Amino acid sequence: MNALLVSILVNSALAGTADDTLKTVDEALVRATDTSSVMLAHTEVPGSSPKETSFKLMVKGEQRFVDFLGPADMKGTRVLVASPTQMFVWLPAYNKVRRVASHVKSQGFMGTMFSDADMSTSQFTIFYQADKLTETAELTTLKLTPKPDAKTAYAAIEMDVLKSNNLPAALRYFDDSGQHVKTETRTDYQCGETPKGTYCTPGLFKMVDHTRKDAFTTLTQTEVVINGGVADDVFSQRTLQRGL
């Protein structure tokens, strides 16, 4: 067997292993039928006063419903992620539902360092293929690149996957020029049992935007309920307008 053929076979095996690892991440991310929680957001931008917001978050499959609880100027604002490509927002001042256009989904989600695209991404294998970069006893590091014809917010993502729960510990996001633009960390995992096995969710998310002098947002997750029976009709434009 010549060296070229050996190289092709080895690279194919590694790619398959990396894609399998990414698949286990997706499976772990959606193992719960549904979750609900309260998120406390703290944002710091150099030169500005810190900003605090809070919202209720309900998740079911690829769907997300966000209901802002405060501050006063945000209360009543609601967001529906119907799918990875469909996001709608209800702004009380306009008294109407607006669809979030795909070309603005890279912008900050309600003043945070998390973009609309970040908030709507529930699984990765739909849009990305994986290669393995490094591996230790605790972590597997993958490089994710868009699948052909996939429209993604990032040109590449480096993901550190925890072997203990098959979930991300850190994600480093890169733009088309190869610049490392953002870093997300997920820590303080809280776990519970589901019919599909143990489900874990981060107690703390942190997103740092390196293009904005390392401005950052932390999301602290409280009041977590796993498999509490969130109704399907929560994830509808009707609920978006009338509220929960």
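## The disulfide

The S-S bond of Cys191 and Cys200 has a torsion of about 105 degrees, so this disulfide is right-handed. The model is predicted. In it, the sulfur atoms of Cys191 and Cys200 lie 2.0 Å apart. A search of the whole structure turns up 1 disulfide.

## Salt bridges: the count

Side chains of opposite charge can pair when their charged atoms come close. How many salt bridges does the structure hold? There are 7.

## Lys60 and Asp232

Lys60 pairs with Asp232 in a salt bridge. Their closest N and O atoms are 2.7 Å apart. Lys60 sits in strand E2, which covers residues 51-60. Asp232 sits in a loop, with strand E13 (215-226) on one side and helix H3 (237-242) on the other.

Asp232 has 55% and counts as exposed.

## Glu135 and Lys163

Glu135 forms a salt bridge with Lys163. The closest N and O atoms of this pair are 2.7 Å apart. The two residues belong to distant parts of the chain, 28 residues apart. Glu135 is in strand E7 (residues 128-135). Lys163 is in the loop between strand E9 (156-162) and strand E10 (167-174).

Glu135 is partly exposed, at 44% relative accessible area. Lys163 is also partly exposed, at 36%.

## Asp160 and Arg172

Asp160 and Arg172 meet through their side chains in a salt bridge, with an N to O distance of 3.0 Å. Which strands does this pair tie together? Asp160 lies in strand E9 and Arg172 in strand E10, so the link spans parts 12 residues apart in sequence. Both Asp160 and Arg172 are buried.

Which residues do salt bridges with shared partners join? Lys132, Glu135 and Lys163 form one network. Lys132 joins them through salt bridges that share partners.

Notes:
Residues are numbered from 1 along each chain as its sequence is written. This is a predicted model: local features need pLDDT of at least 70, side-chain atom pairs count only at pLDDT 80 or more; totals for chains, interfaces and linings use all residues. Side-chain values use heavy atoms; hydrogens and water are left out. A salt bridge is a side-chain nitrogen of Lys or Arg within 4 Å of a carboxyl oxygen of Asp or Glu. Helices (H or I, at least four residues) and strands (E, at least two) are DSSP runs, numbered from the N terminus. Buried means under 20% relative accessible area, exposed over 50%, partly exposed in between (1.4 Å probe, protein chains only). A disulfide is a pair of cysteine sulfur atoms within 2.5 Å.
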